[in-house]
Amino acid sequence: MGYSFPEEALEHVLSFIDSDSDRSSVSLVCKSWHFIERWCRRRLFVGNCYAVSPAIAIRRFPELRSVSLKGKPHFADFDLVPHEWGGYAYPWVAAFTEAYPWLEELRLKRMVVSDEALELIGKKFKNFRVLVMYSCEGFSTDGLAAIAANCRHLKELDLSESEVDDTSGNWLSQFPDSYTSLESLNITSLSSEIRFSALERLVGRCPNLKTLKLNRSVPLDLLPNLLQKTPQLIELGSGLHTTEVHPELYPRLAGTFSGFKELKRLSGLGDAVPSYLPTLYPICSGLTSLNLSDASIQCPDLIKLVSQCRNLQRLWVLDYIEDTGLNAVAEYCKGLQELRVFPSDPFGQEPNVSLTEQGLVSVSAGCPNLHSVLYFCRQMSNVALSTIARNRPNLTRFRLCIIEPFCPDYITLEPLDVGFGAIVEHCKDLKRLSVSGLLTDRVFEFIGSHGKKLEMLSLAFAGDSDLGLHHVLSGCKSLRKLEIRDCPFGDKALLENAAKLETMRSLWMSACQVSYGACKLLGQKMPRLNVEVIAEKESLDLRPDEHPVEKLYMYRTVSGPRIDMPSFIWTMNKNS
């Protein structure tokens with residue numbers, strides 16, 4: 001059947017298929033389709049940089065233009081992954097310079113990126129256009145200067161949440177005066193001052209600049225001059241707005257913002273004073289995304305702001321919004337699709353705001369398009385969770401983080417099993433779930449029975465025994481990533497469901513009850529898995545088999561054990 005299609009026709013058809021999974025399915029139809037898909041693949045996503053080697057990726061797809069790579073596990077965001085764990089970008093970049101001199105885009109997440117790697121990118125990829133480094137580390141502004149000086153066609157530079165060693169604020173001046181192609185610049189993670197004159201010249205000569213996200217060093221009094229040069233912006237991250245009041249600037253800012261006809265996404269506003277917020281009102285009606293996760297704006301002022309944002313689809317905010325503010329969101333933001341509420345004082349013993357489950361219940365009732373939720377709070381009930389599930393069966397991502405572990409239903413003092421069970425039962429398309437609070441093995445029975453489309457599951461301080469993990473591994477047919485910490489899960493469930501582990505991308509377990517002997521057995525039985533035991537506190541040389549491991553990271557790979565393991569990581573294999 002594959003030979004009935006001319007190659008040119010099939011290549012044209014494949015150009016309309018964007019999904020990586022769909023492209024992979026196409027390549028499995030027959031040998032000829034596999035061959036054609038191989039040669040016309042232009043984009044590659046690698047969810048774990050150790051799941052495949054650069055050489056294998058290059059051999060499989062010789063004509064790539066864009067590559068996305070992920071390094072450290074997700075729990076690195078919570079400081080659970082040792083700093084020297086790995087995830088180095090340089091071997092990939094070095095291999096790509098030889099195989100793909102035409103490479104245009106590189107997107108990296110949780111990787112260690114050296115200045116040497118950035119210099120290679122700048123010197124070797126002559127048509128390079130997009131560099132995204134999300135939550136990366138290891139590089140400095142010297143490496144960024146190499147990118148600025150050499151990437152003459154660069155359209156996007158994004159340093160979101162990355163740790164940058166700021167050796168100089170002058171790196172922006174390395175962009176040549178003839179450079180005009182910039183479309184997106186995100187420097188929010190830079191900690192030092194940047195040379196404002198260089199930034200002003202850069203954005204002024206780039207007429208296609210659509211995204212500009214600044215760090216906290218750009219002072220408020222200079223912001224109007226900068227924004228007047230960029231009326232075409234679609235997304236603005238405004239950096240720091242000082243706590244000092246500058247009433248003489250507000251009319252200028254309001255006038256500047258009134259000229260932004262295309263602005264859709266706004267973020268930043270750190271330390272903004274209430275008197276500043278009305279300057280934003282001219283743009284509020286057009287906003288679809290508002291990220292205030294760094295802004296300590298209090299509830300009354302937040303209500304005034306969100307009430308102006310009638311077309312909002314995404315809202316990230318601190319818990320200063322409180323239940324009253326979320327009631328306003330439910331009333332005014334009917335098109336809301338994504339809500340994230342972060343804690344302002346996660347380590348405080350007592351609540352500093354009036355945020356409960358009722359705010360989320362209100363949004364679930366008032367926003368019919370809501371499908372993604374991340375919600376930090378201090379109390380929850382089964383009734384509230386069941387109500388949310390009935391209100392929003394269209395949820396695809398639901399992450400609830402009750403700040404204090406083992407919190408029961410605050411009304412009945414029962415576990416929250418029934419509430420989370422309602423979430424997975426009613427939300428048939430749920431793909432990502434994080435659970436918290438007092439939970440028994442019963443909730444995992446619900447998850448295994450109903451979470452058939454669940455792809456990523458995060459567990460902490462939950463469950464009674466191995467039976468809970470067995471329900472998840474045996475029941476969640478689509479599960480790709482499983483993250484577990486501080487749960488009483490041990491050897492039995494892992495060994496009984498070993499075949500399931502080979503169908504997943506990765507499994508992380510820390511502070512559980514998995515033994516060293518079980519890890520060795522899994523490594524011996526499962527050659528397509530890298531079973532890595534992380535032992536920071538003591539050597540494994542003399543550890544008895546029954547001793548529990550500190551941390552376990554298990555992932556599917558076609559490359560075998562990695563060659564850059566630090567001394568505190570041990571790979572379990574047939575020789576263990």
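**Notes on the second cavity and its surroundings**

1. The second largest cavity is lined by Leu501, Met504, Arg505, Ser506, Leu507, Leu529, Met554, Tyr555 and Arg556. A cavity here is a set of points, on a 1 Å grid over the protein atoms alone, where a 1.4 Å probe fits but cannot get out, and lining residues have an atom within 4 Å of a point. Two elements, E20 and strand E22 (551–556), each give two or more residues to this lining, and E22 gives the most, with 3 residues. Helices (H or I, at least four residues) and strands (E, at least two) are DSSP runs, numbered from the N terminus.

2. The model is a predicted one, in which local features need pLDDT of at least 70 and side-chain atom pairs count only at pLDDT 80 or more, while totals for chains, interfaces and linings use all residues. Residues are numbered from 1 along each chain as its sequence is written, and side-chain values use heavy atoms, with hydrogens and water left out.

3. The volume of the second largest cavity is about 40 Å³, a volume being the space filled by probe spheres set on the grid points, which are joined across faces, edges and corners. By class, its lining holds 6 nonpolar, 1 polar and 2 charged residues. In this scheme Ala, Val, Leu, Ile, Met, Phe, Trp, Tyr, Cys and Pro count as nonpolar, Asp, Glu, Lys and Arg as charged, and the others, Gly among them, as polar.

4. How many cavities of 30 Å³ or more does a search of the whole structure find? The search finds 2.

5. Helix H7 (residues 141–150) is mostly covered, with 7 of its 10 residues buried; buried means under 20% relative accessible area, exposed over 50%, and partly exposed in between (1.4 Å probe, protein chains only). The buried residues are Thr141, Gly143, Leu144, Ala145, Ala146, Ile147 and Ala148. Their cover includes helix H6 (115–124), strand E4 (130–134), strand E5 (139–140) and strand E7 (164–165), where contact means heavy atoms within 4.5 Å. At the start of H7, a side-chain oxygen of Ser140 comes to within 3.1 Å of the backbone nitrogen of Asp142.

6. The count of salt bridges comes to 17, each being a side-chain nitrogen of Lys or Arg within 4 Å of a carboxyl oxygen of Asp or Glu. One of them joins Glu502 and Arg528 (2.9 Å, N to O). Glu502 lies in the loop between helix H20 (498–501) and E20, and Arg528 in the loop between helix H21 (516–525) and strand E21 (529–534), so this pair ties together parts 26 residues apart in sequence. Glu502 is buried, at 16% relative accessible area, whereas Arg528 counts as exposed at 54%.

7. Arg562 and Glu532 also meet in a salt bridge (3.0 Å, N to O). Arg562 lies in the loop between E22 and strand E23 (569–572) and Glu532 in strand E21, so the parts tied together are 30 residues apart in sequence. Both Arg562 and Glu532 are buried. Elsewhere, salt bridges that share partners join Lys213, Glu235 and Arg265 into one network.

Key: On a 1 Å grid over the protein atoms alone, a cavity is a set of points where a 1.4 Å probe fits but cannot get out, and a pocket is an open set with protein on both sides within 12 Å along at least five of seven lines; lining residues have an atom within 4 Å of a point. A polar contact is a pair of N or O atoms within 3.5 Å; within protein, one must be able to donate a hydrogen and the other to accept it, and residues adjacent in sequence count only if both atoms are side-chain atoms.
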